[in-house]
Amino acid sequence: MPEKYIKENANDVVYHLEYNAERPHLIIPEYGRHLQKLIDQATIIEDRETRNKAAKYIIQVMGSLNPHLRDVLDFQHKLWDQIFIMSDFKLDVDSPYPIPTRDVIHLKPERLAYPQKNPKYRFYGNNIKYMIDVANSWEEGEMKSALVKVIANHMKKSYLSWNKDTVTDTVIFEHLYELSAGKLNLLQSTEELLTTNDLMRTNKKMSNKSMPLNNKIKINKNGKKPFVKKNNNNPK
């Protein structure tokens with residue numbers, strides 16, 4: 001005869017609940033705690049062959065979370081690296097890829113060199129200085145002259161983006177001479193840059209491309225804005 005059901009005390013049930021704050025820390029949380037427990041169980045398996053089978057099964061489970069990448073070689077390499085990381089490098093199995101070490105995983109990248117912090121003419125940007133340095137390293141010839149002209153036109157366009165008023169070519173040539181340390185001298189040249197109207201038109205096209213479609217106003221062929229009927233029922 002089956003035993004009679006005994007009603008449990010609610011306080012005892014709540015007292016024995018397992019809270020996440022009391023559980024071990026998840027190394028890679030996106031895989032979840034159940035997969036972490038599988039890896040912990042595979043780590044303590046004594047038989048190596050059984051441990052290898054368990055590791056391959058866990059790799060299949062991890063790959064099932066991203067089935068479209070499961071058969072990609074680079075993705076397989078990533079999964080094997082992650083299973084060693086999640087085991088805290090305690091899992092001893094035969095991996096088809098080089099086994100990562102703790103030192104390699106926690107190796108910090110080299111510090112990146114920051115660009116100059118306080119350029120004199122900020123509206124030109126740092127790329128202009130890089131282009132000028134490249135032009136300085138080239139030998140004299142048609143290619144260098146063409147590059148210098150491109151740099152000067154780009155400087156003029158950047159200047160007009162910052163200051164909507166017109167700017168003379170002489171000002172651009174003086175800035176170019178100063179930024180190049182006197183190596184690119186167009187002050188005595190008869191070279192003419194693009195006109196202000198052409199550059200302003202280019203800047204306007206670029207700004208329109210970056211503007212969201214909803215903010216653009218359509219214009220008819222006659223040059224007039226389309227008539228939009230107001231909705232009186234709109235509470236706005």
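**Cores and a helix pair**

Me: Start with the largest nonpolar core. Which residues touch the most other members?
Reply: Bear in mind this is a predicted model. The largest nonpolar core has 20 residues, and Tyr-124, Ile-151, Met-155, Ile-172 and Leu-176 touch the most other members.

Me: Which helices each supply at least two residues of this core?
Reply: α6 (126-137), α7 (142-162) and α8 (169-179) each do. The most comes from α7, which gives 7 residues.

Me: And Tyr-124, what does it touch?
Reply: Leaving out residues up to four places away in sequence, Tyr-124 touches Met-155, Ser-158, Tyr-159, Ile-172, His-175 and Leu-179.

Me: What's in the second core?
Reply: That one is separate and has 18 residues, among them Ala-42, Phe-75, Leu-79 and Leu-91.

Me: Switching topic. At what angle do α3 and α4 cross?
Reply: Roughly 120 degrees. The axes of α3 (residues 48-64) and α4 (residues 73-86) come within 10 Å.

Me: So what do we call that arrangement, α3 to α4?
Reply: Oblique. Angles of 65 to 115 degrees would count as roughly perpendicular and over 145 as roughly antiparallel, so this pair falls into the rest.

Me: Left-handed or right-handed crossing?
Reply: α3 passes α4 in a right-handed crossing.

Me: Which residues make the contact?
Reply: On α3, Ala-55, Lys-56, Ile-58, Ile-59, Met-62 and Gly-63. On α4, Phe-75, Gln-76, Leu-79, Trp-80, Gln-82 and Ile-83.

Me: How many of those are nonpolar, polar and charged?
Reply: The contact of α3 with α4 has 8 nonpolar, 3 polar and 1 charged.

How values were computed. Residues are numbered from 1 along each chain as its sequence is written. This is a predicted model: local features need pLDDT of at least 70, side-chain atom pairs count only at pLDDT 80 or more; totals for chains, interfaces and linings use all residues. Side-chain values use heavy atoms; hydrogens and water are left out. Axes are lines fitted to C-alpha atoms, for helices over the stretch in contact, and angles run from 0 to 180 degrees between N-to-C directions. Helices (H or I, at least four residues) and strands (E, at least two) are DSSP runs, numbered from the N terminus. Angles under 35 degrees count as roughly parallel, over 145 as roughly antiparallel, 65 to 115 as roughly perpendicular and the rest as oblique. A crossing is left-handed if the near helix is turned anticlockwise from the far one by less than a right angle, and right-handed if clockwise. Contact means heavy atoms within 4.5 Å. Ala, Val, Leu, Ile, Met, Phe, Trp, Tyr, Cys and Pro count as nonpolar, Asp, Glu, Lys and Arg as charged, and the others, Gly among them, as polar. A nonpolar core is a set of buried Ala, Val, Leu, Ile, Met, Phe, Trp, Tyr and Cys residues joined through side-chain atoms within 4.5 Å. Buried means under 20% relative accessible area, exposed over 50%, partly exposed in between (1.4 Å probe, protein chains only).
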